[in-house]
Amino acid sequence: MNRAALILAGGAGTRLRPLSSDENPKQFLRIFDGQSLLQKTFARIACMVPVDAIYISTNDEYRDQCREHVPQLPDTNILTEPARRNNAPAIALCCFEIERRHGEMVVAALPSDHFVGNENEFRRVLERAYDFAARSEYFVTIGIEPTAPETAYGYLKLDGEIEPGVIRLQRFTEKPSLDVAKQFLRAGNYAWNAGIFIWRTSVFRQELEKAAPVIAAVTRQNYESMPNLSIDYALMEKASRVAAIRGDFGWSDVGSFDALKRVGIDVDALLRETSS
């Protein structure tokens, strides 16, 4: 089955201010070897998916920046949301448009503002996810191997294997307290929720119609009336068939200055530049 990728680039990056701003959020900061996280995300997925099947979901105000950062992408593949309504309506609108243009596809929805240290391992894991999603009616998500009792991330509670390397997801868990996060780490069957999701477009539509029929009816014309919901809450937590594949590829959502430092960014120098 043919593949597509949807890069989510509409966030405002509020946690890294004053380094980021409403006008120049995290995904556009050129601080990763002179590249932005959006550019790195695009390059990572362009090795696996044809360029004409890669799409960016963003806010109207960021269209020009997306075009500037990823000039290889056809302009018609930058899909904008008419209003900010969290990512569930945005993903639905874009997945329906991808299906309209290409027919049935396996789509990977990927945040544009996350760091990946081991690109080859990331692609190996995503290849496995694409493959399983293409031949099943499961949603697939990537569970990041936790390295610390992190309280800033949501968690995935994992169950038994569906097949080698593919694990049944028991439930999504919200950001825990430190004590609970330590329990998760000791238990060994929890992973960080990276917000990476893979599904067939027909399965996505069918499950969304059951879980969130209002969002399943989204169009550009009715977008402003959509509820402000995340895809986790609107769909993933309610879906009956969700699988996870563990990933250990140096992932970080670089959502804090400490996280930036951990991936090798000289934050103090950047802040001095910002204030000068």
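## A walk through the pockets

Start with the lining of the largest pocket: its residues split into 16 nonpolar, 16 polar and 11 charged (Ala, Val, Leu, Ile, Met, Phe, Trp, Tyr, Cys and Pro count as nonpolar, Asp, Glu, Lys and Arg as charged, the others, Gly among them, as polar). You're looking at a predicted model, where local features need pLDDT of at least 70 and side-chain atom pairs 80 or more, while totals for chains, interfaces and linings use all residues. Numbering runs from 1 along each chain as its sequence is written, and side-chain values use heavy atoms, with hydrogens and water left out.

Select Arg15, Asn86, Asn87, Asp113 and His114 to land by the centre of the largest pocket; they lie nearest to it among 43 lining residues. A pocket here is an open set of points on a 1 Å grid over the protein atoms alone, where a 1.4 Å probe fits, with protein on both sides within 12 Å along at least five of seven lines; lining residues have an atom within 4 Å of a point. Now colour strand S9 (190-200), which gives the largest share of that lining, 4 residues.

Next, hop to the second largest pocket, about 250 Å³ (the space filled by probe spheres set on the points, which are joined across faces, edges and corners). Of its 16 lining residues, Thr147, Trp192, Trp251, Ser252 and Arg262 are closest to the centre.

Last stop: Val254, in the loop between strand S11 (251-252) and helix H9 (257-262) (DSSP runs, numbered from the N terminus: helices are H or I, at least four residues; strands E, at least two). Val254 has a relative accessible area of 0%. Show Lys26 too: it sits 228 residues away in sequence, yet 8.8 Å from Val254, C-alpha to C-alpha.

Technical notes
Buried means under 20% relative accessible area, exposed over 50%, partly exposed in between (1.4 Å probe, protein chains only).
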